[in-house]
Amino acid sequence: MALEFIAEVDANSTDTENLVFTGIPQTYDSLRIVGIGNTDYSLSQGMNGVFSLQFNEQTSDSKHAYMRIASDYNSTLSNNEGTYNANYAECGSMSGNAPDNGYWPATYIIDIYNYKGEASNHDVQYFSRSVLATYNNNYSHAAYYAGTYNNGTTAITSLQLKSAFGNWIRFSKFSLYGRD
């Protein structure tokens with residue numbers, strides 16, 4: 001399994017709500033996104049901040065489904081047993097700018113399968129992991145997500161990473177890789 005770098009997006013010049021990969025080649029078996037980031041929104045605790053994938057920048061259709069299993073700083077299990085017909089695919093949590101007024105970014109790994117829209121494979125499938133550790137531990141978590149996007153035979157040529165609360169803050173950075 002070889003990973004080949006495709007592109008990188010970041011919020012280094014200005015804070016932005018959406019980071020977008022465009023022109024995704026259709027030559028790989030699957031995709032992987034590796035990143036680090038946080039939002040400028042002041043969150044209360046735990047996994048209140050989320051970010052989502054929007055395939056082909058579709059923001060109005062209801063073709064996404066996802067679920068989450070996670071453990072927060074108190075070892076409290078936090079499950080989202082399934083959200084269907086959503087217009088986004090939740091795939092990560094973040095701390096926001098509240099913990100100790102510091103920059104406590106989460107790390108993300110997202111694997112995306114069946115993105116080429118081949119009829120025999122049907123829906124896009126993704127699996128992701130989000131991990132965060134903070135100084136006072138009130139925002140620390142480890143979360144795992146799984147989801148689908150009903151793209152039919154439409155190939156995925158762009159991926160939008162959307163900060164659900166506020167903007168991605170400076171130094172948030174994601175890299176896209178192709179895997180064969």
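Predicted model: local features only at pLDDT ≥ 70, side-chain atom pairs only at ≥ 80, totals over all residues.
The largest nonpolar core holds 33 residues. Within this core, the residues that touch the most other members are I33, L53, F55, I112, Y126, L159 and F174. Strand 8, which spans residues 106-113, supplies the largest share of the core, with four residues. For L159, contacts beyond four places in sequence are made with L19, V20, F21, I24, L31, I33, Q54, F55, I112 and L176. Three of these partners, I33, F55 and I112, are also listed with L159 among the core residues that touch the most other members.

Strand 12 covers residues 173-179. Five of its seven residues are buried, meaning that each has under 20% relative accessible area; strand 12 is therefore largely enclosed by the rest of the structure. Strand 12 pairs with strand 1 (residues 3-10) in an antiparallel arrangement through seven bridges. In this pairing, E8 lies opposite S175 of strand 12. Strand 3 (residues 30-37) also runs antiparallel to strand 12, and seven bridges join the two.

R32 is located in strand 3, and its bridge partner in strand 12 is Y177. The side chain of R32 also forms a polar contact with the side chain of D111, at 2.7 Å. When residues up to four places away in sequence are left out, R32 touches L3, I109, I110, D111, S175, L176, Y177 and R179.

How values were computed. Residues numbered from 1 in each chain as written. Heavy atoms only, no water. Core = buried A, V, L, I, M, F, W, Y, C linked by side-chain atoms within 4.5 Å. Buried < 20%, exposed > 50% of the residue type's maximum accessible area, 1.4 Å probe, protein only. Contact = heavy atoms within 4.5 Å. Pairing = 2+ DSSP bridges. Polar contact = N/O pair within 3.5 Å; in protein donor to acceptor, adjacent residues only side chain to side chain.
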